[in-house]
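The sequence and the structure are shown first, and the description follows.

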Amino acid sequence: QVQLAESGGGSVQAGGSLRLSCAASGFTYSIYCMGWFRQAPGKEREGVARILTSTGSTYYADSVKGRFTISQDKAKNTLYLQMNSLKPEDTAMYYCAANPFCPSLLRPGLFRYWGQGTQVTVSS
């Protein structure tokens, strides 16, 4: 069975850092597209970043460019999101997602598999 398990969320003050992890199993990680999404209360789920696992090609939403870094450990089938210079508006549930290919748009509806999410809270 396909499983995606996020970890690393928590509470941090503005300007702080967190590193999220996503452990993947049950599929061939190395040929999939992996992404991070987030959803704040009362808002739609939005894309944060993605990586084409085979090549390492990355894409970021404008709101996190220069602050967040998506990376992977292919040997461990694990995806990471390093979050620096966190802002209160980054507060959300963060979800790991996987798809057989990287869609042209970072839209939640285009990703097939999802984790349960991990909460990130940034206080001012």
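How many disulfides does the structure hold? The structure, which is a predicted model, holds two disulfides.

## Disulfide between Cys22 and Cys96

Cys22 is joined to Cys96 by a disulfide with an S to S distance of 2.0 Å. The pair ties together parts that are 74 residues apart in sequence, because Cys22 lies in strand S3 (residues 18-25) and Cys96 in strand S9 (residues 92-99).

Which handedness does the disulfide of Cys22 and Cys96 have? The torsion about its S-S bond is about -70 degrees, and the disulfide is therefore left-handed. Both Cys22 and Cys96 are buried.

## Disulfide between Cys33 and Cys102

The sulfur atoms of Cys33 and Cys102 are 2.0 Å apart and form a disulfide. This pair links distant parts of the chain, 69 residues apart: Cys33 belongs to strand S4 (residues 33-39), whereas Cys102 is placed in the loop between S9 and strand S10 (113-114). Here the torsion about the S-S bond is about 90 degrees, so the disulfide of Cys33 and Cys102 is right-handed.

Is Cys102 buried, exposed or partly exposed? Cys102 has a relative accessible area of 22% and is therefore partly exposed, the range for buried residues being under 20%. Cys33, in contrast, has a relative accessible area of 0% and is buried. With the bonded cysteines of the chain numbered in sequence order, the pairing reads 1-3, 2-4.

## The four-stranded sheet

Four strands form an open sheet in the order S1-S3-S8-S7, with antiparallel pairing. Strand S1 (3-7) and strand S7 (68-73) stand at the edges; each has a single partner strand, so one side of each is left without a neighbour in the sheet. On average, neighbouring strands of this sheet are turned by 15 degrees against each other, with direction ignored.

How many bridges join S7 to strand S8? Six bridges connect S7 with strand S8 (residues 78-83), and the two strands run antiparallel. Asp73 stands opposite Thr78 in S8.

Arg50 is located in strand S5 (residues 46-52). Arg50 is buried yet has no salt bridge. The nearest side chain of opposite charge, that of Asp62, is 13 Å away from Arg50, whereas a salt bridge requires the charged atoms to be within 4 Å. The side chain of Arg50 does reach the backbone oxygen of Ser57, at 3.1 Å.

Thr53 is found in the loop between S5 and strand S6 (57-60). With 0% relative accessibility, Thr53 counts as buried. A polar atom of the Thr53 side chain lies 2.5 Å from the backbone oxygen of Tyr32.

## Asp62

Where is Asp62 placed? Asp62 is in the loop between S6 and S7. Its relative accessibility is 65%, so Asp62 counts as exposed.

With which side chain does the side chain of Asp62 make a polar contact? The partner is the side chain of Lys65, at 3.0 Å. Asp62 and Val48 are 14 residues apart along the chain, and their C-alpha atoms are separated by 8.5 Å.

Conventions
Residues are numbered from 1 along each chain as its sequence is written. This is a predicted model: local features need pLDDT of at least 70, side-chain atom pairs count only at pLDDT 80 or more; totals for chains, interfaces and linings use all residues. Side-chain values use heavy atoms; hydrogens and water are left out. A disulfide is a pair of cysteine sulfur atoms within 2.5 Å. Buried means under 20% relative accessible area, exposed over 50%, partly exposed in between (1.4 Å probe, protein chains only). Two strands pair if DSSP finds at least two bridges between them. Axes are lines fitted to C-alpha atoms, for helices over the stretch in contact, and angles run from 0 to 180 degrees between N-to-C directions. Lys and Arg count as positive and Asp and Glu as negative; His and the chain ends are not counted. A polar contact is a pair of N or O atoms within 3.5 Å; within protein, one must be able to donate a hydrogen and the other to accept it, and residues adjacent in sequence count only if both atoms are side-chain atoms.
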